Amino acid sequence: MSRARADEEEYWHSSKFRAFTFDDEDDELSQLKESKRAVNSLRDIVDDDDDDLEKVSWSGDPVGSISWSIKETASSSTSSLESRDSSLQKGYSSYSAFPKQASSYSLSSLFKGRNKLPSFQSLSDALSDTGVKNYAPELRRPKAEYKDYSSDWSPKDTVRRMQRGKVCSLERFRSLQDKLVLLDEAVAGHDGNIITAVLIFLKRTLRKEILFQELEVRQVALCHLIHFLKETGEQKLLLDLLRFLDRTEEVALSQYREHLNIQDVEKRREFLKGCIGLPFSAEDTSHVQDHYTLLERQIIIEANDRHLETAGQSEIFRKYPRKASILNMPLVTTLFYSCFYHYTEAELSALQIPDKQYVLTALAARAKLRAWNDVDALFTTKNWLGYTKKKAPIGFHRVVEILQRNNAPVQVLQEYVRLVEDVETQLNLATKYKCHDVVIDTYRDLKDRIQLAAYRCKVERGSAEEEKIDSILNNTQIRWKN
Amino acid sequence: MAAHLSSGRVNLTALREAGRRELREFLDKCAGSKAIVWDEYLTGPFGLIAQYSLLKEHEVEKMFTLKPGRLPQADVKNIIFFVRPKLELMDIITDNVLREDRGRSPQRDFHILFVPRRSLLCEQWLKEQGVLGSFIHREQYSLDLIPFDGDLLSMESESAFKECYLESDQTSLYHAAKGLMTLQALYGTIPQIFGKGECARHVANMMIRMKREFPGSQNSIFPVFDTLLLLDRNVDLLTPLATQLTYEGLIDEIYGIQNTYVKLPPEKFAPKKQGEGGKDLPTEPKKLQLNSAEELYAEIRDKNFNAVGSVLSKKAKIISAAFEERHHAKTVGEIKQFVSQLPHMQAARSSLANHTSIAELIKDITTSEDFFDNLTVEQEFMSGIDTDKVNNYIEDCIAQKHPLIKILRLVCLQSVCNSGLKQKVLDHYKKEIIQTYGYEHILTLNNLEKAGLLKSQTSGRNNYPTIRKTLRLWMDDVNEQNPNDISYVYSGYAPLSVRLAQLLARPGWRSIEEVLKMLPGPHFEERQQLPTGLQKKRQHGENRVTLVFFLGGVTYAEIAALRFLSQMEDGGTEYVIATTKLINGTSWIKSLMEKLEPAPF
C-alpha cells in the first residue's frame, strides 16, 4: 500500500469520510449485549411454551409452506422408485383415450434437436412404433381451432392472436414480402416469444444468406436470433451469422468459449492452439496465446510430476503429496505450484509474470516450506560494489503478513519487521506479532519512556526482554522525551 | 397469512388474490388427484402466492422437485410440471416422460404449467423430442409481479438485466409491461408515466400499444397510482456495486435473501435449554422469513445498521418491563389480562431474540478489518478520490485471491465512478484478474464491458463529478441515527436512482436536464387519458402515490431510501416499488458471469 496505514487512519478520522466503525466504548451495538441479556433472562419465564410459539420446522419453513411440503410428501413416496419392471408397451394404447390438445402451432419440426441424452436413444427407440399413433393427435383438434387454419389472418392479426396464446398457422406466409411483414409485426409487439417463433419459421423457409441480409437491418430480431442460436447450441450457424455481420471479435470469443466444453486436456490444448489465429482484440490475442502456453506447460509438468509422485523417490512429493492435478489451474496457482515443487529448476521463466506477483507467490510457497534462506534470497540484492541490500517490491509489511500467515518463527518475523520503513506501521506489526525486541528498540529510539514502561507488563516476568527493558529504563544516558 | 400486504397505501392483497384464483382455476382443469413436479426455482415465488393448503384443497397430494430420471411412484391421476420456459428444463421433463412406465395402471396424465409465459421455443423443443403430444394441458401462469410486501413487487426474473443489456432480448420487458397491465386492471389506469432509459421507453411504448390494441382493458376503476416512474438499471450502474449499509441490505449482502427468506448459520440460534447442554446442536441453517408482518423487523430493516443496536436495546427494556408486570398482577382480572397478552409478548420476545442474534452475526463482519478496508475504498471512489489509477487495495485482494466477484465489484465501481478507466489501468486489472483467476474469465470481462460496467475512458471526459455534484450523491454530514437524507443508506452516498425519483417529485426533472442528458437513454413523459368520472380530486394534504419500476433490478438499500422518502412528513409522495429482480452487487455481477461449469445435466 502506498499510503501507510497510519496516514490512512489519520486521514480517515480527520477527513470528511465517515467510517463505518463501531467505537468500542460507547457504541450502539454494545447495546446488543443488553438486549441479549434481556432475552436470555426472559427465557425462564416463557420457555415452556417456546415450541408452540411458531409453527416452523427447524429449517425455518413454516409448516405448510410449499418447499416444506415438497420435502414431506416426497419422503413418503420415494420408497419403491425403481421397483417396477418396464413393460413399456403394455396398456400404453389406453393413453390415446384421452383427448389431447394438439400442438397448437403448426411450426413443424424446424431445428434439429441436440440429442443431449444418449441414454434416451434406447428408450425412445423402444417407443417409436407406438409413438407414431399416440403422438399424432391432430385428429382430435377441437372445432374452434380449425377456424384458425381456414381464416386468412393478416400478419398483424396473426401476431396478435399468437400473443393471446391462440393457434395460428404461419405456413400461409409464402412470399418473402409477407414473411418480412410478419417479422416486423412480431418485433413491433415486443414479445420475444413470438419473435422467436417467427424467426424459427423464417430460418426454416428462407435461404441463409437472405435471412442474414434481412436481419442485418432488423437489429431487434437479429439479437433474438443470436440469443436463440446460443441457447439451442447451434454453434455453426451462429458463427456463420456473426461472420456475415463482420462481428469478428464476437466470433472469436464465441469460438474460444467452446474450449470450456472440452474435457480432454490434449484436445483442449489443440483447440486453444487453433484459437490463437482468431480475430480477437490485440489484447485478448495475447491472453489466448498465454492461455495456450500455460496449458502446454501444465501438461508437461503434470506428466512429469505424476511420474515422480508414483515412483515415490522424490522427497518433496513424499512429504507433501499433491492435492490435485495442476491442469487447467490459473497462472498464479501454477506459479505457486512450481515455486513449491520445482523452485531450484529454473523452470519458471517461460511464464511471464510481473515482478510483484512473482515475489508474492514465491514468498508464499517458500514460506510454506519454511525455506527461510530462499525467502532471504528473494529480497537480497547486490549492488556493483558488492554490498547487499534488502528490497521488497511489495513492501515489507506485506512480507511480514505473508510470513506470519505461514507461521514463521519470531526470529524470522522480526528480521523483516525491522525492515518496514514506516515507524508506526513497524511498531503496530511488532506489537501485533509479539516481536518484543523490535518494540523495545523502537520505543528506545523514540525516547518514549512511558510507552516502554507500559510495555513491560506485556512481556513475561523474569524474561530476557524484561531485563532489557529494565536496563534501558535505568540508563541515565538516555534523554527521554517524557 | 398475508396481512402485511394490505398494510401499505395500496392494498396488494388483491393482486395476490388474483394470482390464487388463477392457480385454482388451472388446478381444477386437471380433474382428479395430482402431483406437482416443481422447477425448484419457482417454489420460492409461488410460496408468496399460496401455501400447500391451497394446493391440497385442489387435490394436490404429492410434490416433487424436477430432476432427471424416472418420476417417483405416486398413485395420482395427474402429473403437473410447474416450470420456467427453459430448454434445459424441457430436457429433464422429456427424460421424465420417456421413462414413465406405460404399463402402470391407472395411467397418469401429464400437464405443463409454464411460468410466467408459454414458450413456443420450448414447445418446439418438446416436439422435437417426440413428447409434446404427451401433455394434455399446456398452459401459462402469468406470475409477472409477485407481491413481496405491502409496498414491494418483484418479477424475480434472474436474467432480466443480462437479457436486456447484454443480449438485447426484450422478452422480460414484455413481461414487465404485461405485469403493469395487470396492475392497471386491478388498480386503475395510471395517468402519468415518466421514464429514463432505453428499456423504460420500450416498456412505456408497449403499455400504450397494449392499451390501444385491447380496448377491453379500459376499466372504470378509480386510479390508485398517480404516477409511474420507469427507470433503467443502466441509468444507475453505480448503486448496486456499493455495499448496502442498512440492516436488511447487509443481511442480503452477507447471507442473501431469497423470496423474503434468509438462511443463517445455526450456531447463534441454538435453543439453550437447561440440562440439555449442547446435546443436539442444529447443523441445518436456520431459515427465517423477513417481511413487515414482523413488527420489529418492519421498524429496523431500513435503518442504517449503526442505528439498529439502540432500537433493539430499547425493545428489550420494554419487553422486560412487560413481563415484570406479572408480579403486580394481583386480582384474577389482572392475571387474566396478563395471560391474554402473553402470546403477543412471547412473539415479540422471540422476534427480539432472532434479530439480536442476526445483528451479532452482522456485527462480526462489519467490524472486521477487511470490511472496513473494502468500505474505505468504495467510499473513496464514490466521492471521487483516486479513481484514475490502479488501487492498492484491489491489487492486494487479487494477490490474496479474495473472491473474484468482490474484485469485479470494486473494479466496476471504480470504472463507473470515473466514467471509464484509463486504458492502461483497465489493462492492468484485466491482466491481474485472468492470471490469478484463470484465462477463461476473459469471457466474463467481455460481458462486463458490453454491459457498460467496465470500460475504457474513450471520450476522455469524466462526467461523474458533475453528476455527483448536481445530484448531491455524496453527502458529508450524514446522520445515521436520525437521518435527514437518503444518503444514510450507504453512510454518505445517496443512490442515484432514488435521487432521480426524489427530484422528479420535487421540483421536477426540468431542473436537472443537463445531468439527465449525461445519463444513458432518453427521458420522457406520457399521459394516459382517464374518463372524466375517474379524474382525481385530491383532498388537501393527501399524498400522491408513485410506482417506481426498476428495470434490471433494485437493491434493498434503494428500497429503504424510497421508504424513507415516503415517510418524510412534508414529502407529499408515497412510493410503491416494483422490479424485475431484487438484487445486490454480488448476485448482479454473478448473473453477468459466464457459466464456467458444465451444465449439471
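1. **Confidence.** The predictor gives the complex an ipTM of 0.85 and a pTM of 0.83. Chain B has an average pLDDT of 91, and 95% of its residues score at least 70. A word of caution for the remainder: where pLDDT is low, the predicted coordinates should not be read in detail.

2. **A:Ala252.** A:Ala252 has a relative accessible area of 0%, so it counts as buried, the cut-off being under 20%. Leaving aside residues up to four places away in sequence, A:Ala252 touches A:Leu278, A:Pro279 and A:Phe280. A:Cys275 is 23 residues from A:Ala252 in sequence, and their C-alpha atoms are 7.5 Å apart.

3. **Strand β3 of chain B.** Now have a look at residues 78-83 of chain B. Six of the six residues of this strand are buried, so β3(B) is largely enclosed by the rest of the structure. In a regular strand the side chains alternate between the two faces of the sheet. Here, B:Asn78, B:Ile80 and B:Phe82 point one way, while B:Ile79, B:Phe81 and B:Val83 point the other way, and all are buried.

4. **The partners of β3(B).** Strand β1 of chain B (residues 34-38) runs parallel to β3(B), joined to it by five bridges. Within this pairing, B:Val37 has B:Phe81 as its bridge partner. Strand β4 of chain B (residues 109-114) also pairs with β3(B) in the parallel sense, over six bridges, and B:Asn78 stands opposite B:Asp109 of β4(B). To get from β3(B) to β4(B), the chain passes through helix α4 of chain B (residues 87-98), in a β-α-β crossover that is right-handed.

5. **A seven-stranded sheet in chain B.** Seven strands of chain B form an open sheet with mixed pairing, in the order β6-β7-β15-β14-β9-β8-β13. Its edge strands are β6 (146-149) and β13 (523-527), each of which pairs on one side only. On average, neighbouring strands in this sheet are turned by 20 degrees against each other, direction ignored.

6. **The β6 end and its helix.** B:Asp149 has B:Leu152 in β7(B) as its bridge partner. Helix α21 of chain B (residues 556-567) lies across β6, β7, β14 (544-551) and β15 (573-579) of chain B. The helix runs at about 160 degrees to β15(B).

Notes: Residues are numbered from 1 along each chain as its sequence is written. Chains are lettered from A and ligands numbered from 1 in the order in which they are written. This is a predicted model: local features need pLDDT of at least 70, side-chain atom pairs count only at pLDDT 80 or more; totals for chains, interfaces and linings use all residues. Side-chain values use heavy atoms; hydrogens and water are left out. pLDDT is the predictor's confidence in each residue, from 0 to 100. Buried means under 20% relative accessible area, exposed over 50%, partly exposed in between (1.4 Å probe, protein chains only). Contact means heavy atoms within 4.5 Å. Helices (H or I, at least four residues) and strands (E, at least two) are DSSP runs, numbered from the N terminus. Two strands pair if DSSP finds at least two bridges between them. A crossover is right-handed if, with the strands pointing away from the viewer, the path from the first strand over the helix to the second runs clockwise. Axes are lines fitted to C-alpha atoms, for helices over the stretch in contact, and angles run from 0 to 180 degrees between N-to-C directions.
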